[in-house]
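Please keep the sequence and the model open while reading.

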Amino acid sequence: MQIEIDNLGPIKKGNIDLSKKLTVFTGPNNSGKTYAAFLIYALTKSSLAVHRNEEFEKEFENLIKNKSIIHTLDEKKILSYRKNHLNLIKNGLDGIFGISDEAANTLFEGFSIKILETEKDLYNNIFNSKFEMNFMLDNNIIDFFKDEKTLDVRISIKNENLNKRDLRFLDIIIFSRLYSFFALKPFTSSHILPVERNSIYTFSKELSIQKQDFFETAKEITNNNSKSTRSLEWYFKRTTRYPQPIRDGLEVAEDLYNFSKRTSKYYELAEQIEQELLLGKVSVNKDGDVQFSSNRNKRKKIPIQLSASIVKTLSSLVFYLKHLANENDLIIIDEPELNLHPNNQIFITRLFAKLINNGFRLLINTHSDYIIREFNNLIMLSHPEVRKSNLFSDLGYTENEFLNKNDINSYLFNYKNKASRDVTIQKIEITDEGFDVETIDNTVDALNKVSEDLFYTIKYPVIENNE
């Protein structure tokens, strides 16, 4: 899926191809990378568009009765869902970025977003693709399966005890989730780790969404001089005090204990982070509080706010992989190097390769030379000459720690010149040796030049000739 963005903050215009397994954003500060990441998160988040479709009521009744049905995809409805997604994005910038509607109109004047794919290409991609996905809603597991060369999808549900509440939500969710997927193929959903991730679990109680909604509603009632109770409209209204990625993270943090009852098939990847980076274990108690126990003292569990910065930073990724992750999810990580020593930045980069080779898609926004250089190493590891040599294992890499250059897109966000107010998004070439980031390389080269000049001045001082 390729998108075209116009007038997103400093970004005047840019095309971003999201069809690759790994997308890397890089460039100087204040160049719009986080804006673009937040926008892509909102676009690919499966829960963004939820609709009740009366034309599916009969099929839904058969599904509940028989536990399985065959549904034929409607191409026009897929396009309708895509159009609706884009309209929700365009009209919901205040909620995405956590600002007022007036501020959004000013900051993003002239904003537009397009998906650059023809109807014919969309149809062919859907018709020819094989698709399998499941998701859980409360205690209900819903399975979707579509084979190649067909528009038929088998929908199955696993639960023998459906109550009225389950039925009400399933009626809304099932077909919305199915059509949202094909409207935004190849993403099943997305999960974001913003730079604020080290605070979400730490301060989730203080930043409670329920408290925030109460205060926002109370303020609205007061401003309207109304003594009425909270209306249905107010109940479903989302506060714009926090950007959507922060709010979604807080909503998960409010219900960690229930989420922790589900075990993802990627649990072992989370354990690798715990053992190799955190040197301990992240857990959730019955009160929904995140705790950490060090390998040196496994019996002692300390609150997350008293743990090391690396634990705060990575605990949300650990929890996601343990309990929330689904295949084909897009994982968006803003500054993965945050609070990580260089050796740990290298480890996390290798973990990214494992995630990609286990069915995930990643979007990374980074300033780290260590991460870029390790990406390049992983690209070179996929070269046939390296794969058939002993160098792969001799260098300490495992079998699934490599990246194919054809699975990667990288973009440099940068101003046209020092006087420009507009950012351009430049696609970076990926070769067999990886890719270069001009702004990072220039800084490293300049720093090395200064160090060399200082070193040689100290080591070989100039001897003055007094004759």
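At 7% relative accessibility, Arg82 counts as buried, because buried means under 20%. The model is a predicted one. The side chain of Arg82 forms a salt bridge with that of Glu117, at 2.8 Å from N to O. This pair links distant parts of the chain: Arg82 belongs to helix 3 (residues 75-91), while Glu117 sits in the loop between strand 5 (112-115) and helix 6 (119-128), 35 residues apart. Glu117, with 23% relative accessibility, counts as partly exposed.

Side chains of opposite charge can pair when their charged atoms come close. The count of salt bridges comes to 13. One of them joins the side chains of Arg247 and Glu251, at 3.3 Å from N to O. Both residues lie in helix 11 (residues 244-253), 4 residues apart, which is about one turn of the helix. Arg247 is buried, with a relative accessible area of 4%, whereas Glu251 is partly exposed at 30% relative accessibility.

Another salt bridge is made by Lys322 and Glu274, whose closest N and O atoms are 2.8 Å apart. Lys322 lies in helix 14 (residues 309-324) and Glu274 in helix 13 (residues 267-278), so the pair ties together parts that are 48 residues apart in sequence. Both Lys322 and Glu274 are buried. Elsewhere, Glu4, Asp6, Lys13 and Lys114 are linked in a network of salt bridges.

Next comes helix packing. The axes of helix 15 (residues 342-356) and helix 16 (residues 369-381) come within 9 Å and cross at roughly 45°. Helix 15 and helix 16 are therefore oblique to each other, and their crossing is right-handed.

The loop between strand 13 (330-334) and helix 15 holds Asn339. Asn339 has a positive phi of about 65°, although it is not a glycine. Its relative accessible area is 37%, so Asn339 is partly exposed. Lys149 also has a positive phi, of about 60°, and is not a glycine. Lys149 is placed in the loop between strand 7 (140-146) and strand 8 (152-158). With a relative accessible area of 56%, Lys149 is exposed, because the cut-off for exposed is over 50%.

Which residues make the nonpolar surface patch of about 370 Å²? Phe455, Tyr456 and Tyr460 make it. Phe455 is in helix 19 (residues 438-459), and at 43% relative accessibility Phe455 counts as partly exposed.

Note on methods. Residues are numbered from 1 along each chain as its sequence is written. This is a predicted model: local features need pLDDT of at least 70, side-chain atom pairs count only at pLDDT 80 or more; totals for chains, interfaces and linings use all residues. Side-chain values use heavy atoms; hydrogens and water are left out. Patches are made of residues with over 30% relative accessible area and no salt bridge: like charges are joined within 9 Å, nonpolar side chains (Val, Leu, Ile, Met, Phe, Trp, Tyr) within 5 Å. Accessible areas come from the Shrake-Rupley method with a 1.4 Å probe; for residues, only the protein chains shown count as cover. A salt bridge is a side-chain nitrogen of Lys or Arg within 4 Å of a carboxyl oxygen of Asp or Glu. Helices (H or I, at least four residues) and strands (E, at least two) are DSSP runs, numbered from the N terminus. Buried means under 20% relative accessible area, exposed over 50%, partly exposed in between (1.4 Å probe, protein chains only). Axes are lines fitted to C-alpha atoms, for helices over the stretch in contact, and angles run from 0 to 180 degrees between N-to-C directions. Angles under 35 degrees count as roughly parallel, over 145 as roughly antiparallel, 65 to 115 as roughly perpendicular and the rest as oblique. A crossing is left-handed if the near helix is turned anticlockwise from the far one by less than a right angle, and right-handed if clockwise.
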